[in-house]
Amino acid sequence: VRINATGALDAIASSSTESVTDAADPLVDALADDEERVRTHAASALGETAQSDSSVQTLSALVNALDDESESARAAAAEALGKIGGRQPAKVTDAVRPLYDAVDDPSLDVRRAAATALGRIGAEDPFQIRHEVRSILALLEDGSTPEQQAATTAVGSIGSTDPSLVAPATGNLVDALDSDSSALRVNAARGLGQIGPQEPPA
């Protein structure tokens, strides 16, 4: 029953956040549920409902969920924080460092979600993630193809606002244009376009 209830709220929130705004507190409580799928649905739904009005309690619960034993719940929490930070970057200041740590998570899905979240936050407020950019850049060099795809998207998002922060990644993006992965090539090309031309060092 709890799985079905939180799953329904998640689905509704994806299409109409106003319809489940009053469910924020129960969803926060659901992050502590014993069932993995309940926690995952709750985190995902909070990423939608909290974009316009996120409480300290909601954000704290989502940050704590980055340490959940379930990788799907951790990934959902990272994605939720990225969605909130993409709308209200000042609200997620305390989530930036945990997201940075999540880039080293054992789960590929979590690492990818964390990198994407940092990119969303950085696109709105580059100052917020200035110290964490290096973790995203590291994925471009050493990450798997899915991680590199997330990193190129994040780099492009940040670069569209503050190209200087991600200028060191330009060479990696150029190299990614020769990748065997079409998705990575597309992301790299888009990222280079967002960063724009860079002046060579003097």
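The legends below describe several close-up views of one predicted protein model.

Residues are numbered from 1 along each chain as its sequence is written. Because the model is predicted, local features need pLDDT of at least 70, side-chain atom pairs count only at pLDDT 80 or more, and totals for chains, interfaces and linings use all residues, while side-chain values use heavy atoms, with hydrogens and water left out.

Figure 1. Helices (H or I, at least four residues) and strands (E, at least two) are DSSP runs, numbered from the N terminus. Of the 202 residues, 50% are buried, a term that means under 20% relative accessible area, whereas exposed means over 50% and partly exposed lies in between (1.4 Å probe, protein chains only). The protein exposes about 9700 Å², of which carbon and sulfur atoms supply 48%; accessible areas come from the Shrake-Rupley method with a 1.4 Å probe, and for residues only the protein chains shown count as cover. Contact means heavy atoms within 4.5 Å. Among contacts between residues at least 6 apart in sequence, 62% join residues at least 24 apart.

**Figure 2. Helix α9 is mostly covered.** This helix comprises residues 145-159 and spans 20 Å from its first C-alpha to its last, close to the 21 Å expected at 1.5 Å a residue. The expected span is 1.5 Å times one less than the number of residues. Eleven of the 15 residues of α9 are buried, among them Glu147, Ala150, Ala154 and Ile158. The buried residues of α9 pack against α7 (108-124), α8 (133-142), α10 (163-166), α11 (170-176) and α12 (182-195).

**Figure 3. Helices α7 and α9 lie against each other with axes that come within 7 Å.** Two packed helices are described by the angle between their axes and the distance between the axes. Axes are lines fitted to C-alpha atoms, for helices over the stretch in contact, and angles run from 0 to 180 degrees between N-to-C directions. The axes of α7 and α9 cross at roughly 5°. That angle makes α7 roughly parallel to α9; angles under 35 degrees count as roughly parallel, over 145 as roughly antiparallel, 65 to 115 as roughly perpendicular and the rest as oblique. Residues forming this contact include Arg111, Ala115 and Leu118 of α7 and Glu147, Ala150 and Ala154 of α9. By class, the contact has eight nonpolar, four polar and three charged residues. Ala, Val, Leu, Ile, Met, Phe, Trp, Tyr, Cys and Pro count as nonpolar, Asp, Glu, Lys and Arg as charged, and the others, Gly among them, as polar.

**Figure 4. Arg111 is a residue of helix α7.** With a relative accessible area of 17%, Arg111 is buried. Residues up to four places away in sequence aside, Arg111 touches Ala102, Val103, Asp104, Asp105, Pro106 and Glu147.

**Figure 5. Helix α5 (residues 71-87) and α7 have axes that come within 8 Å.** The axes cross at roughly 5°, and α5 and α7 are therefore roughly parallel to each other. Among the contributors to the contact are Ala78 and Gly82 of α5 and Ala113 and Ala117 of α7. The residues of this contact divide into eight nonpolar, three polar and seven charged.

**Figure 6. Ala117 belongs to helix α7.** Ala117 counts as buried at 2% relative accessibility. Its neighbours within four places in sequence aside, Ala117 is in contact with Ala78, Gly82 and Leu99. Ala117 and Ala80 stand 37 residues apart in sequence and 8.0 Å apart in space, C-alpha to C-alpha.
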